[in-house]
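Please open the model in your viewer and keep the sequence panel beside it. The tour below moves from one selection to the next and says what is found at each stop.

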Amino acid sequence: MRKLTMMTAAAALMAASTSVQAEDVEVLHWWTSGGEAAALNVLKEDLQGQGIGWQDMPVAGGGGTQAMTVLRARVTSGNPPTAVQMLGFDILDWAGEGALADLNIQAGLEGWDDVVPEALQQFAKHDGKWVSAPVNVHSTNWVWANKAILDELGIAVPTTWDEFVAALEKVKASGKTPIAHGGQAWQDATVFDAVAMSTGGPEFYKKAFIDLDEDTLGSDTMKEAFDRMAVIRSHVDDNFSGRDWNLATAMVINGDAAFQMMGDWAKGEFLNADKKPDTDFLCFRFPGTQDQVTFNADQFAMFAQGKEVGKEQAALATAILSPSFQSAFNVVKGSCVDALSFARNF
């Protein structure tokens, strides 16, 4: 994030007033698919029960890139939303510029340090200050499959790369689309994460993408990972470029494609379409990653709108971290686990 833009944005925040009415929260997010919208309604209803209105600001785009562009424009103009859906380092970038509200009072009263796992706190806290509220934990290395297609072609759930390639070839020979995919950068990265983990294992993955070890990045194992991506590319349909992830999921739901590599949020789309697991659809770890879990976590960052956190912001943060909301929301959303249970399960 460019320093000049961020410093301008932070300065604008100090002098700006917000257009959000009292007793309302304005929430910028990119949860626009059917399953995501159903999950978000859980949060809206929770706040409405407290007499707090919800001003929805959806920006389509599954990776949040478009939403972050809109956010920068809003902050620079001196009119930040009440809360913004964010992932990972975006949170820390904004916190580093002093743009986010201090949630330590809520965190202390409600014991967030004791219930939110350290892996999530690394992105929810900045300089010891809570600046965002984790909503979920999504597991990303899943494959989704149309069971009818697999049954028709006699394909068993593949457990190795070679078995997966054989399954793709069998689907292709039948005239059906093997892989439903959306050619967007974040979707490509989601698939590549699973492929790299499958190709080289956890130590290879860590050395390459966490430690940025040059020898690992230039290794034969990395070349093999890219070769495998080329195999996947050869099994998608001609119209994949730019397709939203939920439209790719719909291809599997409707029997237009056999497989999709996507995070567990895809489950929400299957459930929203009244599909039953193990009856209508299957999900399994990307072949070769059965013993690993790659994950990400959505969080809501609260933008500073004065010296103290607004009562509506505090209510939103409290609602998000309540066990009842975490459970209800993530059942609908399709998350592998809620943010409070993550430490107990992984």
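Begin by selecting N330, which counts as buried because its relative accessibility is 5%, under the 20% cut-off for that class.

The mean pLDDT of the protein is 86, and 89% of its residues reach 70 or more. Over residues 1–22, however, the pLDDT is below 50, and this stretch has 37 contacts in the model beyond near neighbours in sequence. Residues 337–346 also stay under 50, and for them the model has 31 contacts beyond four places in sequence. Where pLDDT is low, the predicted coordinates should not be read in detail.

Next, select helix α15, residues 311–320, where eight of the 10 residues are buried, so that the helix is largely enclosed by the rest of the structure. The buried residues are E312, Q313, A314, A315, L316, A317, A319 and I320.

From there, turn to the largest nonpolar core, which has 34 residues, and highlight L43, W54, W112, F300, M302, L316 and I320, the members that touch the most others. The elements that give two or more residues to this core are β1 (24–29), α2 (34–48), α7 (118–124), β13 (298–302), α15 and α16 (323–333). It is α15 that gives the most, with six residues.

Centre the view on M302 and, leaving aside its neighbours within four places in sequence, look for its contacts, among them T82, A83, L100, V131, Q313, L316, A317 and I320. Another core, of 33 residues, lies apart from the largest one, and its members include V143, L150, A194 and F204.

Now select strand β7, residues 136–139, both faces of which are covered: N136 and H138 on one side, and V137 and S139 on the other, are all buried. Two bridges join β7 to strand β12, residues 295–296, and the two strands run antiparallel. To follow this pairing at the level of residues, show H138 together with N296, its bridge partner in β12.

The aromatic rings come next, and the count for the model comes to 17 aromatic pairs. Select W112 and W130, which form an edge-to-face pair at 5.2 Å centre to centre, with 85 degrees between the planes. W112 lies in helix α6 (residues 112–115) and W130 in strand β5 (residues 129–130), so the pair ties together parts that are 18 residues apart in sequence. Both W112 and W130 are buried.

Then move to W186 and W265, a tilted pair at 6.2 Å centre to centre, with 45 degrees between the planes. This pair links distant parts of the chain, as W186 is in helix α10 (residues 185–210) and W265 is in the loop between β10 (257–261) and α14 (266–272), 79 residues apart. With a relative accessibility of 9%, W265 counts as buried.

For the last stops, show W161, F164, F259, F284 and F286 together, as they form one aromatic cluster. Finally, select R285 and W142, where the charged end of R285 sits over the ring of W142, 3.9 Å from its centre.

Key
Residues are numbered from 1 along each chain as its sequence is written. This is a predicted model: local features need pLDDT of at least 70, side-chain atom pairs count only at pLDDT 80 or more; totals for chains, interfaces and linings use all residues. Side-chain values use heavy atoms; hydrogens and water are left out. Buried means under 20% relative accessible area, exposed over 50%, partly exposed in between (1.4 Å probe, protein chains only). Helices (H or I, at least four residues) and strands (E, at least two) are DSSP runs, numbered from the N terminus. Two strands pair if DSSP finds at least two bridges between them. pLDDT is the predictor's confidence in each residue, from 0 to 100. Contact means heavy atoms within 4.5 Å. A nonpolar core is a set of buried Ala, Val, Leu, Ile, Met, Phe, Trp, Tyr and Cys residues joined through side-chain atoms within 4.5 Å. Rings of Phe, Tyr and Trp (its six-membered ring) pair if their centres lie within 6.5 Å; planes under 30 degrees apart count as stacked, over 60 as edge-to-face and the rest as tilted. A charge sits over a ring if NZ of Lys or CZ of Arg is within 6 Å of the ring centre and within 35 degrees of the ring normal.
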